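Work through the exercises below with the sequence and the model open. Each task is followed by its solution.

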Amino acid sequence: MSSISSKAKITAIGTYVPQRTLTNADLEKMVDTNDEWIVRRTGIRERRISQPEEFTTDLCVAAIENLIERYNKSVKDVDLIIVSTTTPDYVFPSVASQIQARLGIENAGALDLNATCAGFVYGLHLANGVVTAGLNKKVLVLGGETLSKVTDYSDRTTCILFGDGAGAVLVEYDEENPSFLSSYLTSAGEGGVHLYRTGLSKKMDLNELNDSGYIVQNGREVYRWAVTTVPLGMKALMEKSRLDLKDIDWFVPHSANLRMIESICEKSGFPIEKTLTSIEYFGNTSSATIPLALEKGIMEGKLQPGDRVLLYGFGGGLVQAGLIVEWTAS
Ligand code: COA
């Protein structure tokens, strides 16, 4: 049943979202849109927005503090910190190094990774790899974003979607009860031009890019790509793991848009009722949507230890990452 080796167990989770709420009614005052359109096309009602002096590191530290409090865990002996983010406080140093310093974790490696909205799943995949290989024993994996700082609030096609938040999980060595069953990673870089934010280069292949510094997307193309290819990726993952979708208790797709998730469920034949999302009150928080959805599942009494969970991230790159885990944090 397990198609990857695993000696690693997810033992705890914590999350954080900023206090400030941006509702659809607020957006109606900023751009030509309305609550009915946004809810019908995306399923989003509200998103959380960081303060001007609140950055991704702050959100991530708060998520770890939440984890420590709830699970009575120490992170002082963590030996690797992996942060998935597209909105680090600085280009460098990394958010992971800032977290290491802020929490006084003395003997840890620290790195940020960028796999956009699939980054949290990439982080878990890597954490399982290093722990199983015996390279690390206790790894913090985070997905944290302050997308509001790179969102153009005069562009109604993007500003309705994005929000801020963070999630953290702890992955620890455990040979007897490992969490990780199977994984599937893929990239379609030729589609990179459909979702980007410029850096040093203002061109991609022959395309001149929009150099505003904001998130730029061709929403229809991204939508079409996701609803076509995610069901295929899920199928490939199930075949690889020799499991059937019926064996999955909860599907946790990246919360980009509720309509996209409905379409993915319909095409893959997975019941929407067994899906956990964080879209309605947090919007698309990129790397953070999956841990925020797991948290919601726990709070609502749905997600239980022993449940088999299919995590599936997808986004700018274009990249995808699927992972089947047994949920082991109560
Ligand atoms: N309010 C009201 N009308 C809007 C609007 C808004 N916020 N945004 C766009 N519209 C209009 C368009 O201008 C268009 O008008 P027209 O027909 O007169 O030209 C109409 O609504 C339909 O636009 P369209 O782009 O076809 O809408 P859509 O149903 O595809 O929804 C998105 C747009 C952005 C919500 C949708 O494409 C989407 O979610 N795409 C994926 C984005 C994503 O997930 N990105 C991150 C991936 S990790």
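**Exercise 1.** Find how far a polar side-chain atom of R259 lies from an oxygen atom of the ligand.

Solution. The distance is 3.2 Å. That is a polar contact, here a pair of N or O atoms within 3.5 Å. Next, take N257: a side-chain N or O atom is 2.7 Å from a ligand oxygen. Then take T33, whose side chain places an N or O atom 2.7 Å from a ligand nitrogen.

The model is predicted: local features need pLDDT of at least 70, side-chain atom pairs 80 or more, while totals for chains, interfaces and linings use all residues. Residues are numbered from 1 along each chain as its sequence is written, and side-chain values use heavy atoms, without hydrogens and water.

**Exercise 2.** Which helix gives the most residues to the shell around the ligand?

Solution. Start with the count: 23 residues surround the ligand (a heavy atom within 4 Å). Elements supplying at least two each include α2 (35-42), α7 (258-268) and β14 (308-315). The top contributor is α6, with four residues. By class, the shell holds nine nonpolar, nine polar and five charged residues.

Technical notes: A polar contact is a pair of N or O atoms within 3.5 Å; within protein, one must be able to donate a hydrogen and the other to accept it, and residues adjacent in sequence count only if both atoms are side-chain atoms. Ala, Val, Leu, Ile, Met, Phe, Trp, Tyr, Cys and Pro count as nonpolar, Asp, Glu, Lys and Arg as charged, and the others, Gly among them, as polar.
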